[in-house]
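My notes follow in the order I made them.

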Amino acid sequence: MIVIALLGAGTHYVIELHEQYRAAETARPVVADFDFMYMAIATRDVQTYTKAEESKPKAASVIPQWQRCVIDGASCDRQTVQAHMRCKAGVVYVNQADWQAFALIPRENLRGAVAMKSMNLCAPDNTPDE
């Protein structure tokens with residue numbers, strides 16, 4: 001009976017700990033890293049899509065206004081041009097028509113990353129002059 005009680009208490013503890021971890025994870029801000037180096041903030045609600053492969057991308061979720069996202073880059077050589085981003089909801093793809101809904105936050109970029117000039121991610125001169 002003691003083993004059963006300990007097993008029940010241990011299971012309850014693990015479940016509670018997992019719920020607390022999930023709550024802490026959602027409260028944690030998005031930060032730039034070596035994969036996603038550039039910080040931006042949505043100035044309006046933005047529709048996200050599945051990755052554009054051979055078929056048309058499908059609507060996936062919505063990035064709410066004022067949410068920060070970090071940018072990896074863009075697939076400029078595809079028929080549907082998309083930016084690859086990580087936001088609170090996870091990794092998302094944003095179509096080119098919605099890029100202007102984001103404002104860059106250069107001071108929150110990965111330290112040492114060359115700042116972008118604009119959200120026109122496919123522009124050949126989107127880095128500062130050296």
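I started with the largest nonpolar core, which has 28 residues. I took a nonpolar core as a set of buried Ala, Val, Leu, Ile, Met, Phe, Trp, Tyr and Cys residues joined through side-chain atoms within 4.5 Å. Buried means under 20% relative accessible area, exposed over 50%, and partly exposed in between, with a 1.4 Å probe and protein chains only. I63, I71, M85, V94, F102 and M119 touch the most other members. β1 gives the largest share, five residues.

The model is predicted, so I kept its limits in view: local features need pLDDT of at least 70, side-chain atom pairs count only at pLDDT 80 or more, and totals for chains, interfaces and linings use all residues. Residues are numbered from 1 along each chain as its sequence is written, and side-chain values use heavy atoms, with hydrogens and water left out.

Next I looked up V94. What is V94 in contact with, leaving aside its neighbours within four places in sequence? I found V46, T48, I63, V81, Q82, A83, M85, W99 and F102. Contact here means heavy atoms within 4.5 Å.

I turned to the fold. I counted one helix and seven strands. These are DSSP runs numbered from the N terminus: helices are H or I with at least four residues, strands are E with at least two. The order along the sequence is α-β-β-β-β-β-β-β. The radius of gyration is 20 Å, well over the 14 Å that the globule rule gives for 130 residues, so the protein is more spread out than a compact globule. That radius is taken over C-alpha atoms, and the rule is 2.2 Å times the number of residues to the power 0.38. The C-alpha atoms fill a box of roughly 70 × 35 × 25 Å along the principal axes.

I checked burial too: 31% of the 130 residues count as buried. Among contacts with a separation of 6 or more, 52% join residues 24 or more positions apart.

Last, I went to L110, in the segment after β7 (102-104). Is L110 buried or exposed? L110 is buried, at a relative accessible area of 18%. Leaving aside neighbours within four places in sequence, L110 is in contact with A32, D33, F34 and M37. I also took L110 to K51: 59 residues apart in sequence, 24 Å apart in space, C-alpha to C-alpha.
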